[in-house]
Amino acid sequence: MKTAFITGVTGQDGSYLAELLLGKGYDVHGLVRRSSTLNRSRIDHLHQHERLHLHYGDLTDGVSLVNLVRSIEPDEVYNLGAMSHVKVSFEMPDYTASTNAIGTLRLLEAVRAAGLDCRFYQASTSEMFGSTPPPQDETSMFHPRSPYGSSKLQAHWVTVNYREAYDLFAVSGILFNHESPRRGENFVTRKITKAAAAIAAGVQEHVTLGNLDAVRDWGYAPEYVEGMWRMLQQDEPDDFVMATGEGHTVREFCDAAFTHAGLNWEEHVRYDESFTRPSEVNALIGDASKAHRELGWKAHTTALDLARLMVDADVEEINRFLAR
Ligand code: NAP
Ligand code: F7E
């Protein structure tokens, strides 16, 4: 039986990955941040699982990482913890770099210092490509456009360096946007699907958004965590892009979500400049042929299917809330 250690286990991807690994018989250890209220709603349903173990720690606290890696002795580490909101990273650049860039270095160093035979997955991102025009693949140039993108680029290169310098099985998954009903409510897809459900239920009138012209390659998160796991099961460590290969504007996502809720998006969406960014990433569309060829991985859910399934989940949630 294998043991995995997941940072970011309380996040969207961490919760799906924990489910996947528990289903495969792993012992799963997750890092949780201390907060004044419990922040575990995405893994509440796993709480009683006898093979899930949660530990307090933080990517900004190297001591906690050293102690945990040493005591857990994981076979696989998945570093999913991050300050993951691009717009917020402009407001908290120092914390973003400390968590995402130096946090990754701290965790890699904890693994190296423990001298374990342990595989390491780094949650890299299409935001590292930034202004490089699509389609982007593993050979495309990096040109990040935010403190978030830059911090992830440092984490990416330090992961590559630990692989080359210390012969660590360390890999970087360069994942394009992936969403789900568990997506944080201030990312654009969830903000739209939640608003569409609330407006259809008559409890909200409009939603305020920023740049509707941005193009993103939105996939479905449970499919992407399967790809992360496959990356750590290879004979040799390597980096992979994961994406659907389809690009859509925020406007098109709005249209699909509102139409599915029986609404016309143009009657309910307002513009507010405060939701725009000091520098924007205009278009991200990934080419995941290498992952298909070498990992047998492929995205199946398209952005417009995703909009519909997220609206359905948000309609169910609001109906449950209103029935209370
Ligand atoms: P998410 O829902 O925002 O989850 C982030 C996780 O990191 C949460 O568990 C959060 O804890 C934890 N975290 C934040 N700061 C931390 C710190 N200082 N120390 C320890 N843990 C900390 O993000 P996600 O969408 O699941 O994404 C997972 C990873 O993939 C992230 O690294 C993200 O940057 C990267 N990524 C995401 C996408 C995407 O489209 N989803 C695409 C490419 C890459 P709390 O629950 O306590 O906040
Ligand atoms: O923005 C535009 C916004 O915040 C998508 C993270 O998971 O994926 C995510 O980063 C687009 C941008 O995601 C609003 O300007 C318009 O062009 O949902 P988002 P993101 O910035 O692409 C990457 C791959 C990650 O790695 C990140 O961790 O939508 N947009 N109006 C808006 N965005 C938000 N959040 N809110 C709006 O009101």
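This is a predicted model: local features need pLDDT of at least 70, side-chain atom pairs count only at pLDDT 80 or more; totals for chains, interfaces and linings use all residues.
1. The expected span of a helix is 1.5 Å times one less than its number of residues. With 20 residues, H10 should span 28 Å, and its end C-alpha atoms are 28 Å apart, which agrees.

2. H10 covers residues 303-322. Its buried residues are Ala303, Leu306, Ala307, Met310, Val311, Asp314 and Ile318. These residues lie on the same side of H10, because they cover an arc of only 130° around the axis. The face turned away from that buried side carries the exposed residues Glu316 and Arg320.

3. An α-helix has 3.6 residues a turn, so residues three or four places apart point the same way. Both partners are partly exposed: Asp305 has a relative accessibility of 35%, and Arg308 has 33%.

4. H10 is also joined to another helix. Glu317 forms a salt bridge with Lys194, at 3.8 Å between the closest N and O atoms. Lys194 lies in helix H6 (residues 188-200) and Glu317 in H10, so this pair ties together parts that are 123 residues apart in sequence. Lys194 is partly exposed at 30% relative accessible area, as is Glu317 at 33%. The two belong to a network of salt bridges that links Glu185, Arg190, Lys194, Asp314 and Glu317. Asp314 is also among the buried residues of H10.

5. The structure holds 18 salt bridges. One of another kind of setting is Arg216 with Glu280, at 3.6 Å from N to O. Arg216 is in strand E9 (residues 215-216), while Glu280 is in the loop between strand E13 (269-271) and helix H9 (289-295); the two are 64 residues apart. Here both partners count as buried, since buried means under 20% relative accessible area: Arg216 is at 7% and Glu280 at 18%.

6. At the surface, Val203, Phe321 and Leu322 form a nonpolar patch with about 290 Å² of accessible area together. Leu322 belongs to H10 and is partly exposed, with a relative accessible area of 42%.

7. On cysteines: how many disulfides does the structure hold? The count comes to zero, where a disulfide is taken as a pair of cysteine sulfur atoms within 2.5 Å. Cys118 is buried at 2% relative accessible area, and Cys254 is buried at 0%.

Methods. Residues are numbered from 1 along each chain as its sequence is written. Chains are lettered from A and ligands numbered from 1 in the order in which they are written. Side-chain values use heavy atoms; hydrogens and water are left out. Patches are made of residues with over 30% relative accessible area and no salt bridge: like charges are joined within 9 Å, nonpolar side chains (Val, Leu, Ile, Met, Phe, Trp, Tyr) within 5 Å. Accessible areas come from the Shrake-Rupley method with a 1.4 Å probe; for residues, only the protein chains shown count as cover. A salt bridge is a side-chain nitrogen of Lys or Arg within 4 Å of a carboxyl oxygen of Asp or Glu. Helices (H or I, at least four residues) and strands (E, at least two) are DSSP runs, numbered from the N terminus. Buried means under 20% relative accessible area, exposed over 50%, partly exposed in between (1.4 Å probe, protein chains only). The arc is that of the directions from the helix axis to the C-beta atoms.
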